[in-house]
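Work through the exercises below with the sequence and the structure at hand. Try each task before reading its solution.

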Amino acid sequence: MAGNPFPQSREQLLQAYRTMRTIREFEERLHIDFGRGDIPGFVHLYAGEEAAGTGIMMHLGDGDRIASTHRGHGHCIAKGVDVVSMMKEIYGRSGGACNGKGGSMHIADLGRGMMGANGILGAGAPLACGAALAAKFRAKKGQPSEVAITFVGDGASNQGTFLESLNLAAVWNLPVIFVVENNGYAESTSRDYGTAVDSYVDRAAGFGLPGVTVDGTDFFAVHEAAGEIIERARKGGGPALLECKMVRFHGHFEGDAQTYRAPGENDHNRAHNDCLKKFGAAVTGAGVISAAELTAIDHEVLGLIESAVVAAKAAPQPTLADLTTDVYVTY
Ligand SMILES: Cc1ncc(C[n+]2csc(CCOP(=O)(O)OP(=O)(O)O)c2C)c(N)n1
Ligand SMILES: [Mg+2]
């Protein structure tokens with residue numbers, strides 16, 4: 001094989017592909033199973049957006065904390081949450097990440113630094129500021145320098161909580177990164193209809209934060225930009241904003257008729273804005289990873305997702321007695 005022209009090692013590239021493919025297949029399977037009526041509640045899919053969560057999370061360890069959104073499955077998987085426990089949770093079964101009582105929008109795994117998906121838009125930003133403040137105090141006592149990341153959609157970026165958090169983070173010089181996942185829509189409302197500024201970098205500047213915009217369908221662009229600002233935050237350089245421009249392949253929620261889309265928009269995105277296709281073309285084109293290796297990962301991932309669904313369907317429902325557990329954190 002030829003030399004590796006990428007800043008990431010071959011192992012990292014394989015890991016990135018596996019993570020992105022796992023998210024994609026997890027979401028595509030949910031799309032099918034939800035359509036069959038197998039899954040209760042509301043589901044928002046991250047398919048199409050995988051490069052962002054993956055490129056960012058590869059710089060984090062379990063001690064770094066993230067606050068996710070209603071579209072959180074990809075963040076969970078990239079942060080290392082167990083796929084079987086996620087599937088059980090989404091199916092509302094015992095043994096799920098929240099013992100089947102939270103569902104898609106409340107998956108959390110504190111051991112992995114995943115503070116939770118969140119059905120309240122903009123709610124993750126203050127949580128991440130709190131986690132970053134705690135991390136800052138711990139670092140002062142000589143513990144490892146950890147960071148916190150909050151994800152927010154283009155729509156949610158107009159919430160007061162988000163804007164207040166930008167200010168607080170800048171004033172307190174917190175090790176927190178604000179990731180704006182700009183997929184162009186908030187439900188059915190196009191971004192430009194609800195947000196006057198073109199650039200989230202300008203918005204960050206208004207609060208005294210540096211910011212950078214990247215093509216969120218380009219793993220390499222996300223990984224590089226995220227690496228720089230996360231490293232800076234770890235070294236005490238303070239908060240930053242990262243805007244990832246991206247596309248979502250499915251509707252806002254499963255069941256969305258998507259009448260607000262332009263004709264052919266989804267087909268165009270799948271053909272030209274697919275982060276997995278772009279990644280595959282780059283690494284095989286450079287001769288760093290073979291097409292056969294990628295296909296082998298695809299098969300492994302499909303097997304994992306199938307076994308997760310089988311385990312979820314076989315798991316029992318939570319019992320009445322489970323209702324009153326997990327209400328308070330046991331300190
Ligand atoms: C505080 C609050 N207001 C409104 C809603 C209803 N709501 C759920 S998702 C959504 C749109 C979110 O759009 P965006 O932030 O761009 O995220 P995306 O769905 O595109 O990932 C809205 C308005 C909510 N969940 N919380
Ligand atoms: Mg959006």
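A residue is buried when its relative accessible area is under 20%, exposed when it is over 50%, and partly exposed in between. The model used here is predicted.

**Exercise 1. The magnesium site**

Find which residues coordinate the magnesium ion (ligand 2), and decide whether Y185 is buried or exposed.

Solution. 
- Step 1: List the donors. D154 (OD), N183 (OD1) and Y185 (O) coordinate the magnesium ion (ligand 2), at 2.0 to 2.2 Å.
- Step 2: Write the spacing. Along the chain the donors of this ion follow D-x28-N-x1-Y.
- Step 3: Apply the cut-off. Y185 has a relative accessible area of 14%, so Y185 is buried.
- Step 4: Repeat for N183. Its relative accessible area is 10%, so N183 is buried.

**Exercise 2. The cavity**

State how many cavities of 30 Å³ or more the structure holds, and describe the lining of the largest cavity.

Solution. 
- Step 1: Count. The structure holds one cavity of 30 Å³ or more.
- Step 2: Give the volume. The largest cavity has about 90 Å³.
- Step 3: Name the lining. It has 16 residues, and T69, I120, L121, G122 and F151 lie nearest the centre of the cavity.
- Step 4: Assign elements. α5 (124-140) and β2 each supply at least two lining residues. The largest share, four residues, comes from β2.
- Step 5: Sort by class. The lining has eight nonpolar, eight polar and no charged residues.

**Exercise 3. Placing Q159**

Locate Q159, and say which residues Q159 contacts beyond its neighbours within four places in sequence.

Solution. 
- Step 1: Find the element. Q159 sits in the loop between β2 (148-153) and α6 (160-171).
- Step 2: At a relative accessible area of 35%, Q159 lies between the two cut-offs, so Q159 is partly exposed.
- Step 3: List contacts. With those neighbours left aside, Q159 is in contact with L121 and G122. L121 and G122 are also among the residues nearest the centre of the largest cavity.
- Step 4: Compare two separations. Q159 and E293 are 134 residues apart in sequence and 43 Å apart in space, C-alpha to C-alpha.

**Exercise 4. Placing K101**

Which side chain does K101 join by a polar contact of 3.2 Å?

Solution. 
- Step 1: Locate K101. K101 is in the loop between α4 (83-90) and α5.
- Step 2: K101 is partly exposed, because its relative accessibility is 33%.
- Step 3: List contacts. Residues up to four places away in sequence are not counted; K101 then touches E89, D322, L323, T325 and D326.
- Step 4: Pick the partner. The 3.2 Å polar contact joins the side chains of K101 and D326.

Key
Residues numbered from 1 in each chain as written. Chains lettered and ligands numbered in written order. Predicted model: local features only at pLDDT ≥ 70, side-chain atom pairs only at ≥ 80, totals over all residues. Heavy atoms only, no water. Buried < 20%, exposed > 50% of the residue type's maximum accessible area, 1.4 Å probe, protein only. Contact = heavy atoms within 4.5 Å. 1 Å grid on protein atoms, 1.4 Å probe; cavity = no way out; pocket = protein on both sides within 12 Å on 5 of 7 lines; lining within 4 Å. Points joined across faces, edges and corners; volume = space filled by probe spheres on them. Nonpolar A, V, L, I, M, F, W, Y, C, P; charged D, E, K, R; others polar. Donors = N, O, S within 2.8 Å, 3.2 Å for Na, K, Ca; no water. Polar contact = N/O pair within 3.5 Å; in protein donor to acceptor, adjacent residues only side chain to side chain.
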